[in-house]
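Welcome, and please take a moment to look over the sequence and the structure below. The short report after it will walk you through some of the main features.

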Amino acid sequence: MPAIQETVEQVRRIDVDQYRYGFETDIESDKAPKGLSEDIVRFISAKKSEPQWMLDWRLEAYRRWVTMREPTWARVEYPKIDYQDYYYYAAPKQKKGPNSLDEVDPKILETYNKLGIPLREQEVLAGVTRGDGTRTPVAVDAVFDSVSVATTFQEELKKAGVIFMPISKALQEHPELVRKYLGSVVPITDNFFATLNSAVFSDGSFVYVPPGVRCPMELSTYFRMNEKNTGQFERTLIIADKGAYVSYLEGCTAPMRDENQLHAAVVELVALDDAEIKYSTVQNWYPGDADGKGGIYNFVTKRGDCRGDRSKISWTQVETGSAITWKYPSCILRGNDASGEFYSIAISNGRQQVDSGTKMVHLGKNTTSRIISKGIAAAYSQNTYRGLVSAHRKATGARNFTNCDSLLIGNKCGAHTVPYIEAKNASTIFEHEATTSKISDQMLFYCRQRGMSEEEAVALVVNGFVKDVLQHLPMEFAVEAQKLISISLEGSVG
Amino acid sequence: MSLLEISNLHARVEGKQILNGLNLTIEPGQVAAIMGPNGSGKSTLAYVLAGRPGYEVTEGDIRLDGESLLDLQPDERAARGVFLAFQYPMEIPGVATMTFLRTALNAQRKARGEPELTTPEFLKRVREAADHLEIKQEMLRRGVNVGFSGGEKKRNEILQMALLQPKLAVLDETDSGLDIDALKIVADGVNRLRSPERGMIVITHYQRLLDYIVPDVVHVLSKGRVVKSGDKNLALELEAKGYADYTGEAA
């Protein structure tokens, strides 16, 4: 049997067995009745004791959503989603919100421990070692189903003036900030999934970094979907005020289930003058089994607004999970001299379908953007890069460089590239490079002749392929991502 | 015991029979040249020895140190000391040559139950081998064979051989695409690796390479069999007369 075929066989088996995070946590939860209606929206808002304006905002989104149609332009196929068959609110049962980690259900803490997310600060301090030997603490906000269960390092962040808390809490404590920025990047009318999220989001993370402050640690959120038939709709809002800097990491997992779970998140980033936001994601939702049964439907709207001059937003993503991925982290380059970056590794295996890419919208003068996308398709998966680069009439001197490479493993998968390029002024310089290659039998044989096992050979070739992107991830994440790539492609070696 | 014993080897590729009862023995320390016209099965023999998928052995056996290789995977054969210098070495973008060498060496050591080399020891060995082959450090940082000239690719093959220290080295048309200076460097590298324990099979179409790597024995391959064996003078004879004597009968 040719080597490639064996790899594909192996990969197919692995889908089912190798998803390491497919355990379920047995805790009582507080759920809203199944289905979606104005009453449910009111229920969620009331649960969170939200101000009236927030409820009105949600209801406006809901009424809008009812009139909208699910988009069909992406290169993904799935059975029609019955939106009335999901629960839109599930929270671990608790009398009131936890004030400290000691009040959090130990079973939840155990879950995060299994995932390797240390919530206790001392463990965090002990656990994270940088390449240069210094230790950088990471503040973690853990979201379980729809609710944020714990945010670490509150005190230390407070000293720096950084606000990092569940968005539900921010609505209580900093309503003016939330009201000013929420929906200002992704308006409630934006698209079907974002509008749905606006109506029913139950929690997520909120970050505000005041002017001139460099956030003293990496901020991190870990999302865990646990409840059956639950949609997870988290909303993240990050604001870097003038001259501020923040680096934010996001990770996701879910239990293995036969049914498809719905995930429709919205992430909004706002960078004011001279501010910089670095947003990294390692997405490892359950991808479904070898036959494509189960898995997460991931319909995510992520957008950053480089609102100020010389502001910078950088997206880095490693996508390995989900049955369906529909995701285009984008940058609106509004300020003059603003810059946007998108570094992506998207791996699809089994029957996974990925339609992902970015939008770089140049509005300000002398704005620059850079896109490095690496798609890897194996088994029967379909992997599409879809990207838009546009320069407005007034965006003189806009520059973009795009490099978009696809790697195929086996001959049943597909890689597709759909770039849209629009330049409305003559001083724009856009460059686009794209390649598609295949891990050939010959390449694998060459490596194996030198003594590497098939798994080692595939891992070596793939790691070479994604190197340009991996180096943009924060150190801790790069290591995790590298491991994840090996696991999702050829199983544990050794 | 012979190092390598090939007996009555029949093999086919994509349904086409290429090797038809090939017999060949290599003694420890011996350098054997294999010559023959195009299509006689030289490269097929090299791939079958290394266990390339798609090269199917239908009859016969290959034994290294008395152990049959037929059921072993390519990496298992490599760990037992089989090395193939490719006629067309593959490019692996993004993987530094140094990383490749280290991954390969450690994989073999692990398979043999030996500890991994320490970084200083590894670097020392690479540097020594690279110096002899006039390979610059800068080249080792580049992607494996990416942007290498023909000569650089072949030198890189010999570098790997020097580092992996195989029991049996098979050089598949290592001279193809080399100018005379590059040929000398490569031949010099190969000669340096001659040792009383190591066997080598030097596959070539032309006698020229054998001026620099002088073989102990020359075998002529035709239609998938060894049809004549002799000393190094046989190569000179072939150079003068061509392969017509060995291909004529069926033509």
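## A pair of helices

At roughly what angle do the axes of H6(B) and helix H7 (residues 180–192) of chain B cross? They cross at roughly 5° and come within 10 Å. That makes H6(B) roughly parallel to H7(B), a label for angles under 35 degrees, while over 145 is roughly antiparallel, 65 to 115 roughly perpendicular and the rest oblique. Axes here are lines fitted to C-alpha atoms, for helices over the stretch in contact, and angles run from 0 to 180 degrees between N-to-C directions. Helices (H or I, at least four residues) and strands (E, at least two) are DSSP runs, numbered from the N terminus.

From H6(B), the contact draws on Gly151(B), Lys154(B), Arg155(B), Ile158(B) and Ala162(B), and from H7(B) on Ala182(B), Ile185(B), Val186(B), Gly189(B) and Val190(B). Two residues are in contact if their C-beta atoms, placed from the backbone, lie within 7 Å. The residues of this contact divide into 6 nonpolar, 2 polar and 2 charged. Ala, Val, Leu, Ile, Met, Phe, Trp, Tyr, Cys and Pro count as nonpolar, Asp, Glu, Lys and Arg as charged, and the others, Gly among them, as polar.

## How to read the model

This is a predicted model, in which local features need pLDDT of at least 70 and side-chain atom pairs count only at pLDDT 80 or more, while totals for chains, interfaces and linings use all residues. Residues are numbered from 1 along each chain as its sequence is written, and chains are lettered from A and ligands numbered from 1 in the order in which they are written.

## Two sheets in chain B

Chain B has an open sheet of 6 strands in the order E6-E9-E10-E3-E11-E12, with mixed pairing; strands pair if DSSP finds at least two bridges between them. Its edge strands, each pairing on one side only, are E6 (82–85) and E12 (225–230) of chain B. From one strand to the next, the twist averages 20°. Helix H6 (residues 150–164) of chain B packs on this sheet, touching E6 and strand E9 (168–172) of chain B, and its direction makes about 165° with that of E6(B). Helix H9 (residues 232–241) of chain B lies across E3, E11 and E12 of chain B, at about 45° to E11(B).

Another open sheet has 4 strands in the order E2-E1-E4-E5 (chain B), with antiparallel pairing. Strand E1 (residues 4–13) of chain B and E2(B) share 8 bridges, and Arg12(B) has Gln17(B) as its bridge partner in E2(B).

E17(A) runs parallel to strand E14 (residues 312–319) of chain A, joined by 8 bridges, and Thr316(A) stands opposite Tyr343(A). E17(A) also runs parallel to strand E19 (residues 368–378) of chain A, joined by 10 bridges.

## The nonpolar core

The largest nonpolar core has 195 residues, and Val207(A), Phe83(B) and Val170(B) are among those with the most contacts inside it. Such a core is a set of buried Ala, Val, Leu, Ile, Met, Phe, Trp, Tyr and Cys residues joined through C-beta atoms within 7 Å. Helix H11 (residues 454–470) of chain A gives the most to this core, with 10 residues.

Methods:
A residue is buried if 20 or more other C-beta atoms lie within 10 Å of its own, exposed if 12 or fewer, and partly exposed in between; C-beta atoms are placed from the backbone.
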